[in-house]
Amino acid sequence: MKYHKSKISKMDNVEVIQVSADNDDRAAKGWAKKEKFPFAIVMPGDKARSDLQKYSSGGVPHYVLIDKSGKVLATGYQAMKQKINTL
């Protein structure tokens, strides 16, 4: 959250979307509300329709930076930060 607030939230060319790892929507919504997430969240019931599941690794958290066409630009938190710093 600290990195998002200090860097990403000020960038017009980057958008963060969280794909929930929870098993039910109610748990995911409660957690996101508690953490005060400022970005879009794909709920468990919507994962299949979102087409974002293909980027999942099963690990939590898992960071993937993709471009508008769906091309993976970076995988992992540090690699994502490095790439974002070049945008």
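Reader: Is Val-19 buried, partly exposed or exposed?
Author: In this predicted model, local features need pLDDT of at least 70, side-chain atom pairs count only at pLDDT 80 or more, and totals for chains, interfaces and linings use all residues. Residues are numbered from 1 along each chain as its sequence is written, and side-chain values use heavy atoms, with hydrogens and water left out. A residue is buried under 20% relative accessible area, exposed over 50% and partly exposed in between (1.4 Å probe, protein chains only). Because the relative accessible area of Val-19 is 30%, this residue is partly exposed.

Reader: Which residues are in contact with Val-19, leaving aside its neighbours within four places in sequence?
Author: Val-19 lies in strand S1; helices (H or I, at least four residues) and strands (E, at least two) are DSSP runs, numbered from the N terminus. Contact means heavy atoms within 4.5 Å. With neighbours within four places in sequence set aside, the partners of Val-19 are Val-42, Lys-47, Leu-52 and Gln-53.

Reader: How far apart are the C-alpha atoms of Val-19 and Leu-52?
Author: Leu-52 is one of the residues in contact with Val-19. The two are 33 residues apart along the chain, and their C-alpha atoms are separated by 7.4 Å.

Reader: Why does Gln-18 count as buried?
Author: Gln-18 is found in strand S1, which covers residues 17–19. Leaving aside neighbours within four places in sequence, Gln-18 is in contact with Trp-31, Phe-37, Phe-39, Ala-40, Ile-41 and Val-42. Gln-18 counts as buried because its relative accessible area is 16%.

Reader: What is the relative accessibility of Leu-65?
Author: Leu-65 is found in strand S3. Not counting residues up to four places away in sequence, Leu-65 touches Lys-71, Val-72, Leu-73, Ala-74, Met-80, Lys-83 and Ile-84. Leu-65 counts as buried, with a relative accessibility of 9%.

Reader: What is phi of Asp-51?
Author: Asp-51 lies in the loop between helix H3 (47–50) and strand S3 (64–66), and is partly exposed, with a relative accessible area of 47%. Most residues other than glycine have a negative phi. Asp-51 is a residue other than glycine with a positive phi, near 70 degrees.

Reader: Which residue caps the N-terminal end of helix H2?
Author: Helix H2 spans residues 25–35 and is followed by Lys-36, whose phi is positive, near 60 degrees. At the N-terminal end, a side-chain oxygen lies 3.2 Å from the backbone nitrogen of Arg-26, and this oxygen belongs to Asp-24.

Reader: In what order do the elements of the protein chain run from the N terminus on?
Author: The secondary structure comes to 4 helices and 4 strands. From the N terminus on, the order of these elements is α-β-α-β-α-β-β-α.

Reader: What radius of gyration does the protein chain have?
Author: The radius of gyration is taken over C-alpha atoms, and the globule rule is 2.2 Å times the number of residues to the power 0.38. For 87 residues, a compact globule would therefore have a value near 12 Å; the protein chain agrees with this, having 13 Å.

Reader: How far apart do the centres of the positive and negative side chains lie?
Author: Lys and Arg count as positive and Asp and Glu as negative, while His and the chain ends are not counted. The place of a charge is NZ of Lys, CZ of Arg, CG of Asp or CD of Glu. The protein chain has 16 positive and 9 negative side chains, and the distance between the centres of the two sets is 7 Å.

Terms used:
A polar contact is a pair of N or O atoms within 3.5 Å; within protein, one must be able to donate a hydrogen and the other to accept it, and residues adjacent in sequence count only if both atoms are side-chain atoms.
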